[in-house]
Amino acid sequence: TDMSIIGLDLGSHHASIAIWFPEKEKENDESSSSNIEVIADDLGSRTIPTAVAFRHSTSPGNSHSEISGCEVLSGSAAVSQQHKNPSNTFDDIRKLLSASEPVPIKVPALDKELSVQDLTSHFFRNIHNQVKQQVGKAVRDCIVTIPDEGSPFSLSAEALKRLTEAAQAGGLRIKSFISDSAASLLAYGLDVPDSAPRRTLVLDVGWSKTELTLLDVSGGLFVPVTRRQSAAVSGSVFVGLLADHCAKDFTRKTKVPLTAENSRSMLRLRRECEGAVKALSTGQEATLDLDSLCEGADYSSKISRARFEDLLAGPLAVLRGLLGEISAAALDQGGPGVQQVCLCGGPSALPRIVHTAKTLFPSAAFPSPRGRFEPSEAQCMGAAVHGKQLQQQGLLEAVPSSCPSAVRSLQAVYLSSTASPSLAACLLVLEPLSCLPARRTLQASLCSPSGYLQLLLGDALRPLGDLVFSVPAGLQQVSVSVAASEDGSLSLEVSDGERVLASLSVPAL
């Protein structure tokens, strides 16, 4: 019989959990997501901080999780006491797991070191317990989202192994991984087998960075085209700007200096500002209220969405630049521009961000999600959809529990229509670290009546081969298709849109 599956979005600051309930499948349309639900924690929050903390137990033996007389806290309970217990609180467990050379972590409360897997297993145990409490039964199999292959934030095979071991120690079995962008597309229902080709942008505004991934979506296949990312646009930056504004407002009102040196007070203020940013995503105003913030002085303030968006002028300018780069890259790769945009990540719900995307892509569709969920929950929903599909196709036990390493090109590939090219005048065909195999189709301008194109490798523009071909009268642009296989061999085909004018094959280097 089918078993429930957990979809877990493991972010750098928060995690979200969705569960597929197969017993509800008969009651609902199989194509809908009404049988997939996002689970809240015991405090009612649908986003769970990725944090673990240890503190000396005031009532030994009464804690639900205890080690050597110390109480173990996870999620919201861990961050709520962080300002009082910073040296024993560890947030961003994904960063700990993804370190290139992880070292044992000193826990002062325990007076000993823990491995990364042992420490982070407490977070997964909390996830397991929260699911059991909310659902009424133990659910162990899960699908976990991870950064896309080729992204600067992608996880190594060793990091995925540590993640799998930590989850298993916490009572969860990771059956498969799914990339963040693919999970987002599944959540929006863009995996329809007979769907027409659509060039789709996934705009993911996360806590630590914003990542824009452009994909060609067709018939249930997702083919990456290009991506951009920036840490200058993120939930952390938004919260930091609001916290700095409130710190100055507090000092103006109370004459009490509040700076980064007041670490405990600033931690409390940032946490309050984080809640305000969430409120401003859907409301016109947010209230901040903190008792005895610094030197016994209270702080209370209201901030409007308009004033908050003024504070975000810098990050929003960076976002507009990134979206402009994606728009240009979409056209340079040939075919249509961006045809649809999928939003994910909590801050992406901010009206100014939505307005910015719609202004730059006025003709693009913004598809409705598969079910009712917030942008911050898109990826856990997509992971649950993936688990559901694997289960229904009998593939859940066949998929590897670790993510296979993708083959990637090491250098960029360029195209030039002159015999003496410069890097500035070349057309980028294949970006460095592109996943292989890959195929790109684009339009190339001809610099002379006679047809000439040269394929070049790397920023040093090492010649790989050239083509000389006859050009029909009046033709100024040709369609160029470049394919790269997993072994690194390349093939180039030039056409006028109706017939092939020339072709070139370059063996693996």
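How many bridges join strand S26 to strand S27? In this predicted model, strand S26 (residues 477–484) and strand S27 (residues 490–495) are joined by 6 bridges. The two strands run antiparallel. Within this pairing, Ser 479 has Ser 495 of S27 as its bridge partner.

Strands S26 and S27 belong to an open sheet of 4 strands, in which the order is S23-S26-S27-S28. The pairing in this sheet is antiparallel. Strand S23 (438–445) lies at one edge and strand S28 (500–506) at the other, and each of these edge strands pairs on one side only. On average, and with direction ignored, neighbouring strands of the sheet are turned by 15° against each other.

A packed pair of helices was also examined. Helix H3 spans residues 116–135 and helix H4 spans residues 157–169. The axes of H3 and H4 are 7 Å apart, and the helices pack at an angle of about 55°. Angles from 65 to 115 degrees count as roughly perpendicular and those under 35 degrees as roughly parallel; H3 and H4 are therefore oblique to each other. Their crossing is right-handed.

On the H3 side, the contact is made by Gln 117, Thr 120, Ser 121, Phe 124 and Arg 125. Helix H4 contributes Arg 162, Leu 163, Glu 165, Ala 166, Ala 167 and Ala 169. By residue class, the contact of H3 with H4 comprises 5 nonpolar, 3 polar and 3 charged residues.

Terms used: Residues are numbered from 1 along each chain as its sequence is written. This is a predicted model: local features need pLDDT of at least 70, side-chain atom pairs count only at pLDDT 80 or more; totals for chains, interfaces and linings use all residues. Side-chain values use heavy atoms; hydrogens and water are left out. Axes are lines fitted to C-alpha atoms, for helices over the stretch in contact, and angles run from 0 to 180 degrees between N-to-C directions. Angles under 35 degrees count as roughly parallel, over 145 as roughly antiparallel, 65 to 115 as roughly perpendicular and the rest as oblique. A crossing is left-handed if the near helix is turned anticlockwise from the far one by less than a right angle, and right-handed if clockwise. Contact means heavy atoms within 4.5 Å. Ala, Val, Leu, Ile, Met, Phe, Trp, Tyr, Cys and Pro count as nonpolar, Asp, Glu, Lys and Arg as charged, and the others, Gly among them, as polar. Two strands pair if DSSP finds at least two bridges between them.
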